Amino acid sequence: MATDAPPPSKGGSGTRPAQPSTAEFIAEQESAEFAELRKAHRSFAFPLTVAFIAWYLLYVLLSNYAGDFMGTKLFGNINVALVLGLAQFLTTFLIAWWYSRHAANRLDPKADAIKSRMEGGA
């Protein structure tokens, strides 16, 4: 993967921006803006994670304890187990797509503002 950035200099010419101090990182972590970013992430990620794990465990439990139900043919050789198994893949991709939209719209702008403030204040 090619980038437009020049290679790093070997002499340590001082062109690299200074890193924020530990105190600046701690102050940023305690800021209201960082708390909003963390809340926006957690309010999306945690419920979806719990929901997906519950959905997955339901599939596993049905596979183990409801064999007759899972073996019910829907059409041809397609049964309930196959449909629910494929639905696992579908929900995985849907959650990933939904999260990428959420991150682009709600998380990235907040994270970019924090990053630019930290890099500019260093």
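**Overall fold**
- The protein chain contains 4 helices and 2 strands, and reading along the sequence gives the pattern α-α-α-β-β-α.
- Of the 122 residues in the protein chain, 17% count as buried.
- When contacts in the protein chain between residues at least 6 apart in sequence are considered, 65% of them join residues that are at least 24 apart.

**A look at E28**
- E28 belongs to helix 1, which covers residues 22–29.
- Because its relative accessibility is 10%, and buried means under 20%, E28 counts as buried.
- Once its neighbours within four places in sequence are set aside, E28 is in contact with F34, I114, R117 and M118.
- With one of these residues, R117, the side chain of E28 makes a polar contact through the R117 side chain, at 2.6 Å.

**Confidence in the model**
- The pLDDT of the protein chain averages 88, and 84% of the residues score at least 70.
- In the protein chain, confidence is lowest in helix 1, with a mean of 87, whereas confidence is highest in helix 2 (residues 32–65), at 95.
- Where pLDDT is low, the predicted coordinates should not be read in detail.

Terms used: Residues are numbered from 1 along each chain as its sequence is written. This is a predicted model: local features need pLDDT of at least 70, side-chain atom pairs count only at pLDDT 80 or more; totals for chains, interfaces and linings use all residues. Side-chain values use heavy atoms; hydrogens and water are left out. Buried means under 20% relative accessible area, exposed over 50%, partly exposed in between (1.4 Å probe, protein chains only). Contact means heavy atoms within 4.5 Å. A polar contact is a pair of N or O atoms within 3.5 Å; within protein, one must be able to donate a hydrogen and the other to accept it, and residues adjacent in sequence count only if both atoms are side-chain atoms. pLDDT is the predictor's confidence in each residue, from 0 to 100.
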